[in-house]
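Open the structure in your viewer and keep the selection tool ready. The stops below go through some loop residues and then a sheet.

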Amino acid sequence: MVDKEKGYDPTDAKSIEDYAKKLVNKSFEEILIEKDYADGKAIQAYANKLRKGGLGNLLEEVYFGYKANSNQEADFPEAGVELKATPFDLTKKGEKRAGERLVLTMINYDGPIESDFYKSHAWEKMKQILLVYYLRDKSLESKLKYTIDYVKLFTPPEADLEIIKQDYAFIVEKIRLGKAHELSESDTMYLGACTKGATAEKSTVPQYYGDNIPARKRAFCFKNSYMTYVLNHYVAGVTDSNDSILKDATALKEKSFEDVLVDIVKKYIGKTDKELCAQFGREYNNNKAQWTDLACKILGIRNEHAAEFEKANIKVKSIRLEENDSIKESMSFPPFKFMDLVEEEFEESALHDYFAETRFFFFVWKKDGEVYRVKGCQLWNMSHYDLEVIVRKEWEEYKNIIEYGVRFTKCIDKSGKVSFKNNLPNKTETEIIHMRPHAKKAAYRFNSGEEYGNVERDANVLPNGEFMTTQSFWINNDYLVRKLKDVDNKKGD
């Protein structure tokens, strides 16, 4: 029965959703005005930029008429509905992207963790989510000006839920082994274990399990990539043009998603790129796209943006091993600006976020004379130790040199060509990452007035005002080889 004062039936999920849909196209400021909360104190409280969850609190307290709390039970306990207000952004191309991961509930380090997914607080918080997506337009002077664009009652569909259950089991097992300090969002696909707390020092507590090693506080969350997919395809109703690798979700009741991938690829072990081009009707031209194209065709998808890869933020990388098991090329990442780098701390850096949130699907080929044969595949993400210890050390060394002064040595070869060496560590001096140019040609501008190359196109400014060729980070090829040592999927029937 509808509560006349509230305007909805708090025991009925459909009634709650219908009432919530009246929010569409309204700003948070308009909600305050309609509900007679437009006094200065209320506006100041909800508009506070430092108040995390302020807009969600506004919906709870002002629109739905209940006091915001941090209880483990759902926000509407009689209906089993959890309210989540979450932002989305528009890219320069006009594409919708989730503004952040969706935090579901804190992971308890004070006592035993629930191993049964359907008895967990995580399931309680996700089984019926009232999603309220609002457009985060940072050009507006107040976040109360943000408008609500979408409202929908959401439960993860069956295929997603099977993967979420596997993600939950992985996280729980790691915690029960006393390894919560080694958790990373990139360990899992859709359900992540994200860090909570402003700094590592303030948010570190002893674990209940194992040797009580201190670990960052974490929460179960839906990853940003998953929330972007939910927004576009489950909420906004955009027709999904991406193929699914999983044709039948029941396969996940017996196997992991990686096992499904391995089983598909096994049937092609030993086949050459030339044979596969003929089989799939693709031109054999040895361009860089060829091996990724063939990997996608083997998986039964048109391109590397399969639905599961998009939801899980999995990047497809074709790796070609030479006959001596080496890899010719290191793996590059997007270029960056030096001034952005020196403003970052490692834990909030673009590089850290990338490795902490990204998994890779490595499709591995092995050279055999003039052709490459399918060797196998694996899902891979960087380990906690590699990222938090080794990459941190190497990244901070690069940052310090860039911040406090890159030293250049001018070199002139016999033909009179000018080049410059610098004091940044090269690949042979690092274990996992190195920095090198990511531009068409070298370009420099020095405070002495000397200038070389197209500085506007190929260089960016250093903290001391000089310009150096634009750089990017690369994963060392020999590091990748070590991580691929176990990739030798046996051929199936």
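Select N71: this residue is partly exposed, with a relative accessible area of 40% (buried means under 20%, exposed over 50%, partly exposed in between, with a 1.4 Å probe and protein chains only). N71 sits in the loop between α4 (54–63) and β1 (82–90); helices (H or I, at least four residues) and strands (E, at least two) are DSSP runs, numbered from the N terminus. The model is predicted, so local features need pLDDT of at least 70 and side-chain atom pairs count only at pLDDT 80 or more, while totals for chains, interfaces and linings use all residues. Residues are numbered from 1 along each chain as its sequence is written, and side-chain values use heavy atoms, leaving out hydrogens and water.

Next, select N212, in the loop between β7 (204–206) and β8 (214–216). Its phi is near 55 degrees, a positive value in a residue other than glycine. Most residues other than glycine have a negative phi. N212 is partly exposed, at 41% relative accessible area.

Move to N313, between α11 (307–312) and β10 (314–321). N313 also has a positive phi, about 55 degrees, but is buried, at 19%.

Now show the open sheet of three strands, in the order β3-β9-β6 with antiparallel pairing (two strands pair if DSSP finds at least two bridges between them). β3 (102–106) and β6 (191–195) stand at the edges with a single partner strand each, so one side of each has no neighbour in the sheet. Four bridges join β3 to β9 (residues 218–222). Within this sheet, select T105, which stands opposite F220 in β9.
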